[in-house]
Amino acid sequence: MKSKIEIREDHSEIVSYDSPDVSVYIRRGLLSAFADHAADAHWHDDIELIAVLSGTMSYNVNGTIVRLGEGEGIFVNARQLHYGFSEERTECDFLCALLHPLSFCGGNGFAEKYILPTIGGGCPFLTFRRGGTLGELYEAVSALYELRKRPSFALHALGIGYGIWAALYGLPQIRQSARRPQYADLPELKGMLTYIHKHYDEKLTLEKIAAAGSMCKSSCAAVFKKYLRKTPVRYLIEYRLKKAAEQLTRTDKKIIEIGLEAGFSGVSYFIEAFRKQYGICPSEYKKRAGRAAPPPAP
């Protein structure tokens with residue numbers, strides 16, 4: 001879960017790994033680095049582990065909300081729709097680790113026996129706690145971060161990564177082969193999210209969004225409510241506001257220009273929607289961002 005997410009055509013995340021020799025990513029982040037203290041809903045081929053150092057955050061995995069506090073963490077399986085957020089807009093200091101399965105696949109049927117059953121089962125996520133249930137996962141994420149700058153990081157990452165896979169493989173619930181029917185409509189939602197993220201600056205309608213997922217309008221609304229707990233139109237507005245907030249902090253463009261580029265039909269509507277979402281007008285948001293101290297180095 002990064003403050004800047006690069007995506008492919010299907011809106012799965014493009015991950016910039018920390019070593020050319022092993023597909024592992026490890027960073028320290030602050031929830032305040034995300035506009036509105038919420039990441040965009042996304043997915044990737046990597047497994048993800050979040051370890052909270054201080055503060056709290058909520059985490060959405062396929063529509064299920066989990067509350068994480070200091071010393072707690074979550075494992076998110078590959079290709080699951082997920083994002084972290086804080087409705088109260090409170091701070092959270094956390095570590096995020098991504099591990100791609102292919103870096104841990106050996107020969108002689110190794111992947112088929114140990115790796116694929118782990119990522120191909122019916123368990124979208126698991127929580128863990130430092131010094132408690134699956135505490136080795138919390139320690140593994142911490143170790144990856146502490147060792148990230150060593151020249152031998154790739155070797156350490158492989159060793160720690162195999163330890164993570166071993167802990168996961170030993171859990172019967174994560175190797176279940178049966179598909180969970182409640183996630184059968186997740187591909188359609190991903191298609192609609194991809195469409196919104198690619199065309200948010202255009203004139204979009206509920207009909208167009210629903211068509212991107214080959215759904216009727218009522219089914220589209222039901223799927224958004226199930227996984228994201230908001231309507232498609234509300235998601236679109238909030239996504240446009242996030243993109244506008246990013247431009248306010250990163251460019252010198254005028255307010256009216258930013259609003260129009262984000263897909264809003266007029267500056268008055270943009271300012272009012274922005275104020276309702278963030279509690280301040282765009283110009284004040286830009287001023288505060290300029291005065292804010294930079295976040296600590298990862």
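Biologist: Which residue in β8 is the bridge partner of Tyr59?

Modeller: That's Gly84. A heads-up: this is a predicted model, where local features need pLDDT of at least 70 and side-chain atom pairs count only at pLDDT 80 or more, while totals for chains, interfaces and linings use all residues. Residues are numbered from 1 along each chain as its sequence is written, and side-chain values use heavy atoms, with hydrogens and water left out.

Biologist: What makes β5 and β8 a pair?

Modeller: Pairing takes at least two bridges found by DSSP. Strand β5 (residues 57-61) is joined to β8 by four bridges, and the two run antiparallel, so they count as paired.

Biologist: Why are β6 and β8 called edge strands?

Modeller: The open three-stranded sheet has the order β6-β5-β8. β6 (64-68) and β8 (82-85) each pair on one side only. Neighbouring strands here are turned by 20° on average, direction ignored.

Biologist: Which order do the strands of the five-stranded sheet follow?

Modeller: β3-β9-β4-β7-β10, an open sheet with antiparallel pairing. Its edges are β3 (24-30) and β10 (125-129).

Biologist: Why are α4 and α7 called oblique?

Modeller: Helix α4 (residues 186-199) packs on helix α7 (residues 232-250) at about 40°, with the axes 10 Å apart. Under 35 degrees would be roughly parallel, 65 to 115 roughly perpendicular, over 145 roughly antiparallel, and the rest is oblique. The angle of α4 and α7 belongs to the rest, therefore the helices are oblique to each other. Their crossing is right-handed, meaning that the near helix is turned clockwise from the far one by less than a right angle.

Biologist: Which residues make the contact between α4 and α7?

Modeller: Leu193, Ile196 and His197 of α4, with Tyr235, Leu236 and Tyr239 of α7 (contact means heavy atoms within 4.5 Å). They divide into five nonpolar, one polar and no charged.

Biologist: How many aromatic pairs does the structure hold?

Modeller: The count is 15.

Definitions and conventions. Axes fitted to C-alpha atoms, helices over the stretch in contact; angles between N-to-C directions. Nonpolar A, V, L, I, M, F, W, Y, C, P; charged D, E, K, R; others polar. Phe/Tyr/Trp six-rings, centres within 6.5 Å; stacked < 30°, edge-to-face > 60°.
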